[in-house]
Amino acid sequence: MPIFLASYYLTPWRFKSLLILLFSYGFYAWWRPDFLSLLVGVTVVSYAIALSMEHAATDQRRSRLLAFGVFLNLAALAYFKYANFGIDSANVLLTGMGFEKIEFTRIILPIGLSFYIFHAISYLVDIYRREAPPARNLIDFAAFIALFPHLVAGPVLRYHLLAEQFRSRIHSLERFSRGSLIFMVGFCKKVLIADSVAPLADAAFAVAHPSLADAWIGAVAYTIQLFFDFSGYTDMAIGLALMIGFVFPENFNDPYTSKSITEFWKRWHMSLSNWLREYLYISLGGNRKGVFRTYVNLFLTMLLGGLWHGANWTFVLWGAWHGGILAFERYWQEKHGPSRLPGWIQVARTMLLVMIGWVIFRAVDIHAAIAMYKGMLGIHGTALTATMSWQLTVDRLMVGLLGILLIYAMPRLRSMVSNPLRWLILPLFLWAVATLSAQSFTPFLYFQF
């Protein structure tokens with residue numbers, strides 16, 4: 001990053017996009033150089049199809065080009081992300097019926113594939129809908145797809161929101177320092193909070209028959225870990241982008257203070273929620289085809305959104321869980337109007353539903369999720385097991401409580417923070433750097449998606 005930033009600010013404006021592209025490709029290829037060809041292929045094909053759509057003689061031709069472009073992108077996603085899942089599921093059926101299972105070489109999932117495929121699809125749809133003109137400069141478009149702050153785990157961005165920034169953006173000490181501050185806050189979220197409570201979640205989900213205490217401590221720990229890990233990554237991405245002049249939209253807006261699941265999805269991973277609404281829910285018909293179809297579209301959108309997160313039946317069920325609740329809330333709102341319960345009860349109810357969903361989201365398979373649910377009901381006993389008791393240290397417990405405090409005090413703290421208090425982030429950041437250097441490898445949770 002220091003080498004990139006020094007090079008970036010020494011490079012003339014007309015070459016900055018090219019520099020971003022080269023460094024982003026180098027960043028992406030560091031793990032697997034061969035997967036860079038897939039990223040380049042998706043970029044070039046999407047760019048060419050968008051230009052072809054602009055010059056298409058008829059709307060029918062434009063529709064066919066869009067369908068072809070979306071098909072190619074989804075085909076790449078399906079092969080690399082879902083082929084293993086599909087064959088494994090087929091083998092379960094085949095062996096259950098007494099047939100030989102299919103032998104195959106397992107396919108490695110390229111990092112960030114889900115995100116840059118979504119970027120490419122949204123670009124093609126925006127061009128088709130004439131919401132934005134196609135990119136004229138292949139370098140700018142390729143730099144948008146590969147832009148390293150958001151390349152591997154989002155936020156999910158739309159090209160037309162950044163197209164103007166590739167043509168002109170502000171570089172200033174104020175913007176750079178604000179980006180540095182946001183980056184450091186995100187880094188501290190990840191290292192000091194998410195990584196500190198992660199062993200509690202890992203231990204609980206590893207217990208074969210978790211007790212009541214095991215299961216609830218694990219569920220709460222994962223709820224804290226996932227928020228600070230993913231929002232920390234997003235802060236780092238937004239901060240890095242701001243350091244080179246790009247303004248990304250916010251991706252989290254205090255989601256754990258939501259009073260309904262509907263509100264939760266307006267506050268959690270907002271860039272993905274907006275993408276699903278704009279390109280999936282609306283494409284399915286949205287609320288334009290009657291009340292019942294609206295419920296079905298809500299359910300299907302979340303079901304497919306769950307499957308997007310990973311090739312596992314746990315993600316399908318997690319999507320179905322949220323889709324079913326969204327449909328029910330829509331029905332209840334139309335029949336009975338807004339809830340009259342006190343706000344804190346609505347928040348607590350929403351968080352219970354969210355945590356129940358996070359259990360199956362985190363579990364390695366359905367059997368592990370069922371074991372956790374049984375534990376949460378006390379079926380396996382109530383006391384801490386030996387596996388969990390030695391993991392529940394004072395420092396982890398304190399960090400977990402601090403995480404909860406920050407989640408619910410953050411809206412007020414944000415308005416109270418003054419410039420002198422911002423200097424506190426620097427020693428915390430140095431502490432986080434020292435902590436990271438001393439611990440084992442802890443990747444961001446969303447890298448697996």
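This report covers helix packing, the nonpolar core, selected residues and backbone geometry in a predicted model.

## Basis of the values

Residues are numbered from 1 along each chain as its sequence is written, and side-chain values use heavy atoms, with hydrogens and water left out. Because the model is predicted, local features need pLDDT of at least 70 and side-chain atom pairs count only at pLDDT 80 or more, while totals for chains, interfaces and linings use all residues.

Helices are DSSP runs of H or I with at least four residues, numbered from the N terminus. Contact means heavy atoms within 4.5 Å. Axes are lines fitted to C-alpha atoms, for helices over the stretch in contact. Their angles run from 0 to 180 degrees between N-to-C directions. Angles under 35 degrees count as roughly parallel, over 145 as roughly antiparallel, 65 to 115 as roughly perpendicular and the rest as oblique.

## H3 against H5

Helix H3 spans residues 36-54 and helix H5 spans residues 113-128. Their axes come within 9 Å and cross at roughly 5°. That angle makes H3 roughly parallel to H5. H3 contributes Leu38, Leu39, Val42, Ser46, Tyr47, Ile49, Ala50 and Met53 to the contact. H5 answers with Leu113, Tyr116, Ile117, Ala120, Tyr123, Leu124, Ile127 and Tyr128.

By class, this contact has 15 nonpolar residues, one polar and no charged. Here Ala, Val, Leu, Ile, Met, Phe, Trp, Tyr, Cys and Pro count as nonpolar, Asp, Glu, Lys and Arg as charged, and the others, Gly among them, as polar.

## H13 and its partners

Helix H12 (residues 270-281) and helix H13 (residues 291-309) have axes that come within 10 Å and cross at roughly 125°. The two are therefore oblique to each other. Their crossing is right-handed, the term for a near helix turned clockwise from the far one by less than a right angle. Leu272, Leu276, Leu280 and Tyr281 make the contact from H12. From H13 come Thr294, Asn297, Leu298, Thr301, Leu304, Gly305, Trp308 and His309. The class count is seven nonpolar, five polar and no charged residues.

H13 also meets H4. Those axes come within 10 Å and cross at roughly 95°, so H4 and H13 are roughly perpendicular to each other. Lys81, Tyr82 and Phe85 in H4 touch Leu307, Trp308 and His309 in H13. This contact divides into four nonpolar residues, one polar and one charged. Trp308 and His309 also belong to the contact with H12.

## The largest nonpolar core

A nonpolar core is a set of buried Ala, Val, Leu, Ile, Met, Phe, Trp, Tyr and Cys residues joined through side-chain atoms within 4.5 Å. Buried means under 20% relative accessible area, exposed over 50%, and partly exposed in between, with a 1.4 Å probe and protein chains only. The largest core holds 126 residues. Leu39, Tyr116, Phe246, Tyr256, Trp268 and Trp358 touch the most other members. Helix H10 (residues 212-243) gives the most to this core, with 16 residues.

Tyr256 shows the reach of one such member. Beyond four places in sequence, Tyr256 contacts Thr223, Phe227, Phe264, Trp268, Val347, Met351, Val354, Trp358, Ile407 and Tyr408.

## Selected helix residues

Gln346 sits in helix H15 (residues 343-362). Gln346 is buried, at 11% relative accessible area. Leaving out residues up to four places away in sequence, Gln346 touches Ser258, Lys259, Ser339 and Leu341.

Leu94 belongs to helix H4 (residues 59-96). Leu94 is partly exposed at 22%. Lys374 lies in helix H16 (residues 366-376) and is partly exposed at 37%. Outside four places in sequence, Lys374 contacts Ile379 and His380.

## Backbone geometry

Most residues other than glycine have a negative phi, and most peptide bonds are trans. Arg130 has a positive phi, near 60°. Arg130 lies in the loop between H5 and helix H6 (138-146) and is exposed at 59%. His269 has a positive phi near 45°. His269 is in the loop between helix H11 (261-267) and H12, and is buried at 0%.

A cis peptide bond joins Gly154 and Pro155, with omega about 5°. Pro155 lies in the loop between helix H7 (148-151) and helix H8 (159-167).
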